[in-house]
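Welcome to this guided tour.

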Amino acid sequence: MSVLRSVVLGCGSYLPERVLSNQELAAKVDTTDDWIVQRTGIRQRYIAADGEVTSDLAIQAAKAALASAHVDAQSIDLIVLATSTPDNTFPASAVSVQAGLGITRGAAFDLQAVCSGFVYGLSITDALLRAGGYKRALVIGAETFSRILDWNDRTTCVLFGDGAGAVVMEAQQQPGTRDDRGVLTTHLRSDGRHKSKLYVDGGPSSTKTVGFLRMEGRAVFKHAVAMITDVIEDAFRTTGYTAADINWFVPHQANRRIIDDSAHKLGIAPEKVVITVDQHGNTSAASIPLALNAAVKDGRIKKGDLVLLEAMGGGFTWGSALIRW
Ligand code: UT7
């Protein structure tokens with residue numbers, strides 16, 4: 001019996017021009033290239049230009065995704081933008097993306113789940129597409145974390161960067177077999193008891209300011225691997241797939257050690273893990289689509305591959321998604 005599924009038609013990404021190396025950072029704060037590489041795997045990050053806002057990055061990524069999907073912007077009737085660094089408190093930056101792409105129909109909104117934003121966005125979009133109200137969607141993760149970093153705090157400013165990534169998804173009837181393409185399952189979690197371990201110390205309703213990112217890195221690290229593996233085991237339980245069936249593991253790119261430990265615990269072979277954190281640091285909601293696009297572009301991820309995504313971040317929020325590409 002045929003089943004309606006959300007199939008990924010294409011993906012794209014965008015990184016700002018300006019590259020900030022570890023060496024440059026070490027000249028500004030008390031850190032070293034060695035420390036950053038050893039503890040995180042990060043070698044450089046990208047920083048948005050003055051006046052370049054989150055929706056600008058998102059529009060570039062969306063255009064690249066539309067081109068790779070070979071579809072026209074006018075065929076998009078849903079835009080979900082995952083971001084914690086919107087252009088303004090409101091309106092949603094998603095409507096700026098919509099206007100920037102010349103789209104005047106359908107719906108566009110922002111979604112805020114910090115580093116888990118892209119997995120949350122994918123899950124919500126999958127549900128909306130399968131419900132039948134929308135046909136073709138853009139799911140975007142875009143961030144300008146450089147604007148909420150305390151550049152005097154070496155424990156956070158070395159970790160994050162700016163960037164954007166996007167996928168085009170379409171509701172398609174699939175045969176209802178093991179070979180079905182599209183989103184096979186998603187699992188979302190949150191636990192607000194951990195909200196003070198990673199947060200921004202400002203906001204419209206509290207301080208009336210934007211604020212700066214604050215993190216108890218060691219405490220986040222302590223929870224990350226357990227939460228990530230737990231929600232991936234949910235994906236395996238639901239679908240009957242195992243680590244051996246996975247073609248590509250595309251995790252949130254926060255820290256190389258978290259990625260390696262998670263893959264090891266799950267029994268996913270290192271050669272199946274897509275890693276881009278060295279190139280762009282932690283770009284929060286943008287990190288998964290940036291990594292996805294890198295692996296699609298260089299020919300690793302191909303049509304029919306089983307692709308496993310996971311993310312974990314502020315809130316805490318965390319989640320997984322299993323996709324037949
Ligand atoms: O995407 C959202 C989720 N976020 C994450 O997944 C981040 C999770 N956390 C982490 O990735 C790691 O905890 C960090 C990379 C943030 C830190 O690594 P760590 O191995 O947990 O280091 P630590 O916080 O235990 O700090 C070790 C030492 C401390 O010095 P003492 O107290 O041992 O003397 C820090 O003060 O490293 C020091 N330190 C630094 N040294 C040089 C902290 N930041 C720096 C720095 N350069 N940038």
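**Stop 1: an aspartate and its partners**

Select Asp 191 and Arg 193: their side chains are joined by a polar contact of 2.6 Å. A polar contact is a pair of N or O atoms within 3.5 Å; within protein, one must be able to donate a hydrogen and the other to accept it, and residues adjacent in sequence count only if both atoms are side-chain atoms.

Before moving on, note that this is a predicted model, in which local features need pLDDT of at least 70 and side-chain atom pairs pLDDT 80 or more, while totals for chains, interfaces and linings use all residues. Residues are numbered from 1 along each chain as its sequence is written, and side-chain values use heavy atoms, with hydrogens and water left out.

Where does Asp 191 lie? You will find Asp 191 in the loop between strand S8 (182-190) and strand S9 (198-200). Strands (E, at least two residues) and helices (H or I, at least four) are DSSP runs, numbered from the N terminus.

Asp 191 counts as buried because its relative accessibility is 16%; buried means under 20% relative accessible area, exposed over 50%, and partly exposed in between (1.4 Å probe, protein chains only). Contact means heavy atoms within 4.5 Å.

**Stop 2: the ligand**

Zoom in on Thr 31: an N or O atom in its side chain is 2.6 Å from a nitrogen atom of the ligand. Then look at His 252, with a polar side-chain atom 2.8 Å from a ligand oxygen atom. Arg 257 also has a polar side-chain atom 2.8 Å from an oxygen atom of the ligand.

**Stop 3: two domains**

Finally, color domain 1 (3-174) and domain 2 (182-324), into which the protein is divided; the bounds come from an automatic or database domain assignment. Their C-alpha centres lie 14 Å apart. Show the boundary, where 50 residues of domain 1 are in contact with 48 residues of domain 2.
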